[in-house]
2 protein chains.
Amino acid sequence: MSLSNQVKIILIETTSSGNIGSALRAMKNMGFSNLCLINPKKINFEEVKALSANAADLIDKIKFFNSLDEALEGSEIVVATSSRQRKVPWPTESLNDLSPTLISEIKKNKKISILFGREDRGLTNEELQKSNIHMTIETNKKYPVLNLAMSVQIVCYKLFLDYHKSKKVSKNKYWDVPIAKHEHVTNLIDHFLSISEDLEVFNKGNPRQIESRIKRLFRRLGLDEMEVNFLRGFLGGVEKKIHKKK
Amino acid sequence: MSLSNQVKIILIETTSSGNIGSALRAMKNMGFSNLCLINPKKINFEEVKALSANAADLIDKIKFFNSLDEALEGSEIVVATSSRQRKVPWPTESLNDLSPTLISEIKKNKKISILFGREDRGLTNEELQKSNIHMTIETNKKYPVLNLAMSVQIVCYKLFLDYHKSKKVSKNKYWDVPIAKHEHVTNLIDHFLSISEDLEVFNKGNPRQIESRIKRLFRRLGLDEMEVNFLRGFLGGVEKKIHKKK
């Protein structure tokens with residue numbers, strides 16, 4: 001069960017070889033590998049290779065078809081990306097709404113195909129009507145026409161995100177130094193306040209509730225031990241200057 | 001309050017004019033319009049125009065800068081896109097986790113900058129350390145390196161989605177003082193580092209990558225204006241003692 005095995009990305013009559021290469025890279029970045037091309041315009045493989053970057057290994061796996069029906073063989077759910085509502089309204093959902101449903105179908109081992117139309121004209125009515133559902137990508141109404149490879153990227157990103165959300169990798173909590181203990185921060189605050197008094201900076205400008213503000217400042221950071229030690233060293237250095245002077 | 005007014009997309013030393021055009025289209029598709037370029041390699045404007053398609057109107061609005069600091073002026077939250085964990089770990093969240101937070105900040109009228117690095121090498125440590133938070137885009141571990149324009153597309157898509165998802169006005173998290181601007185925090189860091197040198201506290205104990213650690217410390221807090229003013233006052237007080245002593 002995986003995005004790579006169960007999802008086909010199908011591009012219909014693509015004109016730009018650059019878009020094919022970019023789509024491959026976008027797919028591999030998100031864990032997809034099955035690209036089907038239906039009657040692409042003459043392909044410049046050098047350009048495909050350049051834009052696919054480290055996804056060039058997927059070029060040999062591209063499947064070519066003369067008809068959409070052949071490409072869809074074996075598919076259980078066919079999704080057509082579309083930016084416009086058609087004369088005959090079809091079940092339509094946004095990517096954001098549909099993606100979790102698709103993922104739950106993938107987890108039930110369903111085979112899914114996602115269709116992307118021509119750069120200039122999208123999908124024909126006939127092609128759209130081969131799909132189970134139309135999917136729109138959320139965009140700004142003032143300029144809703146996405147580049148083809150960008151559409152592939154966004155769809156793959158959203159599916160990747162929802163696929164991995166269930167077995168969510170915990171947030172990167174990596175930090176290289178242990179967080180300082182409460183009491184060490186307390187000592188730091190006391191030290192800072194006492195030196196502030198020595199320096200008579202409390203009265204200058206006299207901001208409101210300055211002591212509370214200092215405490216809030218040092219508490220909210222989640223200071224680590226090394227930071228506390230350095231700040232204590234800094235304050236120690238200041239202290240020395242003050243006392244030498246006296 | 002809008003994605004268009006409050007979010008800057010900043011590309012650093014971009015090599016490919018195609019990527020710049022594609023990024024513009026990706027941005028407009030999702031309702032963004034502010035692109036900043038820091039020292040791009042020689043731009044082929046014909047190519048930018050071709051790939052930006054109906055976003056070509058945004059080409060005249062591109063802002064060019066020689067330094068990242070200039071581009072970040074006025075920013076309240078700086079997000080650096082990054083695929084690798086660095087020596088000094090920075091607060092890091094995935095796009096999926098961070099996006100709703102950024103949207104709630106946008107709804108509080110915050111100014112946000114999102115940094116994208118070079119096609120081949122991403123962002124430098126110095127650039128990463130100017131950010132409040134690092135953001136990773138979820139990808140397949142086997143090939144995690146996204147094309148630059150694709151990264152812009154995914155980030156813009158996710159923000160667009162979350163922006164429109166939360167139709168409810170977000171509850172304002174209460175904070176009584178405005179968040180400090182990027183450049184004021186920069187000044188504070190520089191001031192602190194210079195005094196640390198005067199105090200010769202850098203060499204004592206010599207913790208690893210201390211300068212990076214100081215930057216991370218001040219950047220990650222989301223300091224407010226009053227805190228910055230107070231800390232500047234504090235450092236000013238220390239400075240006086242140092243110089244009196246001499």
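## Exercises on a predicted two-chain model

Helix α7 of chain B is largely enclosed by the rest of the structure, because 16 of its 18 residues are buried (buried means under 20% relative accessible area, exposed over 50%, partly exposed in between, with a 1.4 Å probe and protein chains only). This is a predicted model, in which local features need pLDDT of at least 70 and side-chain atom pairs count only at pLDDT 80 or more, while totals for chains, interfaces and linings use all residues. Residues are numbered from 1 along each chain as its sequence is written, chains are lettered from A and ligands numbered from 1 in the order in which they are written, and side-chain values use heavy atoms, with hydrogens and water left out.

**Exercise 1.** Describe the span of helix α7 of chain B and find the residue that caps its N-terminal end.

*Solution.* Begin with the limits of the helix, which are residues 148-165 (helices are DSSP runs of H or I with at least four residues, strands are runs of E with at least two, and both are numbered from the N terminus). From its first C-alpha to its last, the helix reaches 26 Å, close to the 26 Å expected at 1.5 Å a residue (the expected span is 1.5 Å times one less than the number of residues). Then look at the N-terminal end, where B:Asn147 is the cap, with a side-chain oxygen 2.9 Å from the backbone nitrogen of B:Ala149.

**Exercise 2.** Characterise the contact between chain B and chain A.

*Solution.* First count the residues: chain B gives 76 and chain A gives 72 (contact means heavy atoms within 4.5 Å). Next take the buried area, which is about 6,300 Å², with 67% of it from carbon and sulfur atoms (buried area is the accessible area, with a 1.4 Å probe, that two parts lose on being put together, summed over both). Finally, turn to the two salt bridges between the chains (a side-chain nitrogen of Lys or Arg within 4 Å of a carboxyl oxygen of Asp or Glu). B:Arg216 forms a salt bridge with A:Glu227, and their closest N and O atoms are 3.5 Å apart. On the side of chain B that touches chain A, α10(B) gives the most, with 14 residues.

**Exercise 3.** Is A:Ser82 buried or exposed, and which residues does A:Ser82 touch?

*Solution.* Locate A:Ser82 in the loop between β4 (77-81) and β5 (92-94) of chain A. Its relative accessible area is 10%, so A:Ser82 is buried. Not counting residues up to four places away in sequence, A:Ser82 touches A:Leu128, A:Met135 and A:Thr136.

Notes
A polar contact is a pair of N or O atoms within 3.5 Å; within protein, one must be able to donate a hydrogen and the other to accept it, and residues adjacent in sequence count only if both atoms are side-chain atoms.
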